[in-house]
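Here is a short report on one chain. Look over the sequence and the model first.

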Amino acid sequence: MTGKAPGRKVVKPLADRATDGLQDELNAKLAAAEAARRAAEEKAAKAQAKARKAKRKAAQLAVDFAAARIKAKQKAKKVKAKAKKAVEKEKAKAQAILEAKGGGKKKVKK
């Protein structure tokens with residue numbers, strides 16, 4: 001036998017019941033604090049991931065911008081060369097017309 005009278009309920013003293021209530025309250029507060037900490041960590045992890053993604057995107061945009069600038073310079077160079085060629089062609093035509101008329105060369109006075 002355990003030393004208890006059969007059919008009798010064991011009642012905790014009032015002081016023990018008060019500490020149990022405080023313990024329950026502390027446990028609830030601890031659980032809430034732990035949940036808040038986990039939520040904050042998850043939020044921070046998401047923010048870090050977003051920052052890494054933005055950094056990668058910025059780097060890619062910088063590369064794309066540099067490539068576009070190089071491409072634009074090359075195209076400008078081609079257009080300039082083409083324009084120069086066209087001007088030379090027009091000068092040659094004008095020179096040919098002047099020579100055909102006979103006024104291509106200036107007469108030098110003696």
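How many helices and strands does the chain have? The chain has one helix and zero strands. The model is predicted.

## Fold and surface

Helix α1 covers residues 14–101. The chain has 110 residues, and 0% of them count as buried. The accessible surface of the chain comes to about 11,100 Å². Carbon and sulfur atoms account for 62% of that surface.

The chain holds five salt bridges. Side chains of opposite charge can pair when their charged atoms come close.

Arg37 and Glu34 form one of these pairs, with 2.2 Å from N to O. Both residues sit in helix α1. They are three residues apart, about one turn of the helix. Arg37 has a relative accessibility of 38%, so it counts as partly exposed. Glu34 is partly exposed too, with a relative accessible area of 30%.

Glu34 also meets Arg38 in a salt bridge, here with 3.7 Å from N to O. Glu34 and Arg38 lie four residues apart in helix α1, again about one turn. Arg38 is partly exposed, and its relative accessible area is 42%.

Which residue forms a salt bridge with Lys93? The partner is Glu90, and the closest N and O atoms are 3.9 Å apart. That value falls within the 4 Å cut-off for a salt bridge. Why are Lys93 and Glu90 separated by about one helical turn? Because they are three residues apart in helix α1.

Lys93 is partly exposed, at 46% relative accessible area. Glu90 is partly exposed as well, at 48%. Elsewhere, salt bridges that share partners join Glu34, Arg37, Arg38 and Glu41 into one network.

## A positive patch

Which residues gather in a patch of positive charge on the surface? They are Lys50, Arg52, Lys53, Arg56 and Lys57. Arg52 belongs to helix α1. Is Arg52 buried, partly exposed or exposed? Arg52 is partly exposed, with a relative accessible area of 48%. A patch residue needs over 30% relative accessible area, so Arg52 passes that cut-off.

## Summary

The chain has one helix and zero strands, and 0% of its residues count as buried. Its salt bridges number five. Among them are Arg37 with Glu34, Glu34 with Arg38 and Lys93 with Glu90. Arg52 is one of the residues in the patch of positive charge on the surface.

Methods. Residues are numbered from 1 along each chain as its sequence is written. This is a predicted model: local features need pLDDT of at least 70, side-chain atom pairs count only at pLDDT 80 or more; totals for chains, interfaces and linings use all residues. Side-chain values use heavy atoms; hydrogens and water are left out. Patches are made of residues with over 30% relative accessible area and no salt bridge: like charges are joined within 9 Å, nonpolar side chains (Val, Leu, Ile, Met, Phe, Trp, Tyr) within 5 Å. Accessible areas come from the Shrake-Rupley method with a 1.4 Å probe; for residues, only the protein chains shown count as cover. A salt bridge is a side-chain nitrogen of Lys or Arg within 4 Å of a carboxyl oxygen of Asp or Glu. Lys and Arg count as positive and Asp and Glu as negative; His and the chain ends are not counted. The place of a charge is taken as NZ of Lys, CZ of Arg, CG of Asp or CD of Glu. Helices (H or I, at least four residues) and strands (E, at least two) are DSSP runs, numbered from the N terminus. Buried means under 20% relative accessible area, exposed over 50%, partly exposed in between (1.4 Å probe, protein chains only).
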